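Look at the chain below and follow it through its strands and its salt bridges.

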Amino acid sequence: MKDYTNHRSGFATIFGKPNTGKSTLMNRILGEKLSITSPKPQTTRYAVKGILNTDDEQIIFIDTPGFLKPRYEMQERMAKIIDESFKDVDLLIFMSHIQGFPSDYDMELLSIVEKARSPVIAVMNKLDITPDYDAQEIIKHLPDNIDDTLFVSAKTGKGIPELITKISSFMPLHPPYYDEEQLSDLPLRFFAKELIREAIFHNFRDEIPYSTAVLIERYEEREEIIVIRAVIWIERNSQKHIIIGRGGSNLKKIREYAEEQFSEFVDFPVRIHLHVKVNENWRKKGTALKELGFY
Ligand SMILES: Nc1nc2c(ncn2[C@@H]2O[C@H](COP(=O)(O)OP(=O)(O)OP(=O)(O)O)[C@@H](O)[C@H]2O)c(=O)[nH]1
Ligand SMILES: [Mg+2]
């Protein structure tokens with residue numbers, strides 16, 4: 001039996017305004033693409049847990065949806081997920097990008113930080129595109145209870161080893177919470193769904209990605225291939241031909257992207273069947289949101 005006397009384990013929540021690179025950071029730390037990313041704000045909709053395992057340590061990261069003022073009911077539920085992710089964690093990681101810091105949103109989030117019961121560090125991201133920053137000027141705007149401020153690039157990896165060491169120093173002595181082989185607490189079908197959503201975020205503009213949801217109807221692990229059947233919900237009939245495209249060309253793009261990405265993730269052949277369904281105003285419907293796992 002393994003001796004866990006000196007083992008450290010704990011939870012670290014990453015939060016910040018949309019588009020600052022929270023999901024990119026978590027993926028970079030884990031060395032796996034676990035949380036979907038896109039240049040559009042509010043890509044992440046759920047708190048996605050990612051688990052970093054080393055010989056004597058297990059850090060559970062919680063990547064939260066970019067915080068916006070509730071506009072739709074869905075956003076209210078996203079805000080609730082963030083609240084939940086603040087409780088009982090060993091470290092809060094406030095994230096922003098260097099450029100334009102502090103925005104009004106940053107200031108609003110920092111006012112929440114002041115009340116936090118857990119230790120907080122600040123991670124200023126996108127160092128690669130803003131190498132000439134004034135550290136003192138940035139630190140001046142951060143509340144006193146911030147333990148440390150690190151400047152990184154989640155994209156290039158600069159500053160990430162130092163950041164991991166810093167995060168480790170906050171982890172308490174504790175046996176691992178999860179199986180040490182485990183990379184996430186979420187089932188594989190969750191990642192299949194998220195990759196389909198990522199394909200939609202990458203291929204469509206304006207309102208389309210936001211008015212779309214994906215549900216996995218069937219997930220079948222066969223001996224030689226994984227077969228997935230998924231439905232894409234859209235809010236209006238007029239959006240149907242956009243998602244499907246001429247002769248199904250857009251749907252094909254989504255399918256091929258998701259098949260390739262998911263196959264890489266599970267290291268196994270994957271076939272995805274997609275279909276599109278109009279579910280009017282699903283973002284405002286409690287039953288629909290429940291079906292998507294928001295509660
Ligand atoms: N140049 C640069 N771009 C980055 C860096 N980190 C993330 N990005 C880009 O910023 C965009 C947003 O990244 P995400 O990781 O999706 O951001 P997020 O904070 O998770 O966003 P939400 O889930 O919407 O809250 C993507 O286009 C990333 O490629 C970085 O260090 N440098
Ligand atoms: Mg994200």
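**Salt bridges and strands**

Lys166 counts as partly exposed because its relative accessibility is 25%, and the cut-off for buried is under 20%. The model shown here is predicted. The side chain of Lys166 meets that of Asp148 in a salt bridge, with 3.1 Å from N to O. This pair links distant parts of the chain: Lys166 belongs to helix α5 (residues 160–168), Asp148 belongs to strand β6 (residues 146–151), and the two are 18 residues apart. Asp148 has a relative accessible area of 27%, so Asp148 is partly exposed as well.

How many salt bridges does the structure hold? There are 15 salt bridges in the structure. One of them joins Arg283 to Glu207, where the closest N and O atoms are 3.0 Å apart. Here too the pair links distant parts of the chain, since 76 residues separate the partners. Arg283 sits in the loop between β9 and α9 (286–291), and Glu207 sits in the loop between α6 (188–203) and β7. Is Arg283 buried or exposed? Arg283 has 3% relative accessibility, so Arg283 counts as buried.

Within it, the side chains of Glu194 and Lys193 meet at 3.1 Å, N to O. Glu194 and Lys193 are both buried.

Now turn to the strands. Strand β8 covers residues 226–234. How many of the nine residues in β8 are buried? Eight of the nine are buried, which leaves the strand mostly covered.

Strand β8 pairs with strand β7 (residues 213–221) in the antiparallel sense, over eight bridges. A hairpin of four residues connects β7 to β8. To find a point where these two strands face each other, look for Val214, which stands opposite Ile232 in β8.

Strand β8 also pairs with strand β9 (residues 270–278). In which sense do β8 and β9 run? They run parallel, and nine bridges join them. Ile226 stands opposite Val270 in β9.

Notes. Residues are numbered from 1 along each chain as its sequence is written. Chains are lettered from A and ligands numbered from 1 in the order in which they are written. This is a predicted model: local features need pLDDT of at least 70, side-chain atom pairs count only at pLDDT 80 or more; totals for chains, interfaces and linings use all residues. Side-chain values use heavy atoms; hydrogens and water are left out. Buried means under 20% relative accessible area, exposed over 50%, partly exposed in between (1.4 Å probe, protein chains only). Two strands pair if DSSP finds at least two bridges between them. A salt bridge is a side-chain nitrogen of Lys or Arg within 4 Å of a carboxyl oxygen of Asp or Glu.
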